[in-house]
Amino acid sequence: MNEWIAVITITLLACISPGPDFAMVSRNGLLLSRRAGVLTALGIGMGVLVHVSYTLLGLGWVLQQTLWLFGALKLAGAAYLVYLGVNMLRARPAIDPLDAPSPVMSDLAALRTGFLTNALNPKTAIFIVSLFMGVVRPDTHLSVQIAYGVFIAGAHVVWFSLVALCFSAGSVRQKLMAARHWIDRLFGGLLVSFGVLLAVTRRSG
């Protein structure tokens, strides 16, 4: 029971901490649609399952010990965030922001964006690996460990879906859509900053 409490507490703290996942979900929910935001959240949950899967297979330990592999994942994640951010920074203002149609993102593109944003984030990888190696006991049954992984992914989906619902709420969206060009640039700048910091930050430990 104490193990479950630790997993739940650490997961919730990890979910609410600001980062690329939050930036992508809030941006898509606000500037695109509620559906795009929720699907982005679902993609994030799928990305978490990738980290959980290789951790349960024992590859998490390999990632933690192999510096070049971790570095490659870090650079790939940084490049993807910078790519997304630059595309947002290049967004052009509409002639009439209030009457211009919202950008369109397909369901698959929203899922892919959320999935890649999380799956290529080495901080999520280290969070998952550290949680299973530091909190979960070696003798914990595999079925329980799988339940932990499902909970972690589900918690991310629920939290970020709530974020998407909040940012896509009519009253909030209506007030901010007039400035959506600058909002896109703001989120683009945040993603570029996340990417640059990810690339230059040395791994601790």
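## Terms and model

A pocket here is an open set of points on a 1 Å grid over the protein atoms alone, with protein on both sides within 12 Å along at least five of seven lines. A residue belongs to a lining if it has an atom within 4 Å of a point. The model is predicted.

## The largest pocket

The volume of the largest pocket is about 360 Å³. Its lining is made up of 17 residues, and those nearest the centre of the pocket are P18, G19, P20, N121 and K123. Sorted by class, the lining has 10 nonpolar residues, five polar and two charged.

Four helices each supply at least two residues of this lining: α2 (20–31), α7 (122–134), α8 (142–167) and α10 (180–200).

## The largest cavity

The structure holds one cavity of 30 Å³ or more, and the volume of the largest cavity is about 30 Å³. The residues lining the largest cavity are P20, G77, Y80, L81, L116, T117, L120 and N121. Five of these lining residues are nonpolar and three are polar, with no charged residue.

At least two lining residues of the cavity come from each of α5 (67–89) and α6 (107–119). Helix α5 gives the most, with three residues. P20 and N121 line the cavity, and P20 and N121 are also among the residues nearest the centre of the largest pocket.

## Annotated transmembrane spans

An unreviewed UniProt entry places the feature "transmembrane region" at residues 6–25, 37–61, 67–86, 115–134, 146–170 and 182–200. In the model, residues 6–25 are 85% helix and 0% strand, and the end C-alpha atoms of this span are 26 Å apart. Residues 115–134 are 90% helix and 0% strand, with 25 Å between the end C-alpha atoms.

Helix α2 has 12 residues. From first C-alpha to last, α2 reaches 16 Å, close to the 16 Å expected at 1.5 Å a residue. Because 11 of its 12 residues are buried, α2 is largely enclosed by the rest of the structure. The buried residues of α2 are P20, D21, A23, M24, V25, S26, R27, N28, G29, L30 and L31.

N28 is in helix α2. Is N28 buried or exposed? Its relative accessible area is 0%, so N28 counts as buried, the cut-off being under 20%. A polar contact of 2.9 Å joins the side chain of N28 to the side chain of T40. Helix α3 covers residues 34–56, which makes 23 residues, and reaches 33 Å from its first C-alpha to its last, close to the 33 Å expected at 1.5 Å a residue.

## S193 in helix α10

S193 lies in helix α10, one of the helices that supply at least two residues of the pocket lining. The relative accessibility of S193 is 39%, so this residue counts as partly exposed. A polar atom of the S193 side chain lies 2.8 Å from the backbone oxygen of G189.

S193 and G85 are 108 residues apart along the chain, and their C-alpha atoms are separated by 8.5 Å.

Methods:
Residues are numbered from 1 along each chain as its sequence is written. This is a predicted model: local features need pLDDT of at least 70, side-chain atom pairs count only at pLDDT 80 or more; totals for chains, interfaces and linings use all residues. Side-chain values use heavy atoms; hydrogens and water are left out. On a 1 Å grid over the protein atoms alone, a cavity is a set of points where a 1.4 Å probe fits but cannot get out, and a pocket is an open set with protein on both sides within 12 Å along at least five of seven lines; lining residues have an atom within 4 Å of a point. Grid points are joined across faces, edges and corners, and a volume is the space filled by probe spheres set on the points. Ala, Val, Leu, Ile, Met, Phe, Trp, Tyr, Cys and Pro count as nonpolar, Asp, Glu, Lys and Arg as charged, and the others, Gly among them, as polar. UniProt positions are given in the numbering used here, feature names are shortened, and annotations may be inferred rather than shown by experiment. The expected span of a helix is 1.5 Å times one less than its number of residues. Buried means under 20% relative accessible area, exposed over 50%, partly exposed in between (1.4 Å probe, protein chains only). A polar contact is a pair of N or O atoms within 3.5 Å; within protein, one must be able to donate a hydrogen and the other to accept it, and residues adjacent in sequence count only if both atoms are side-chain atoms.
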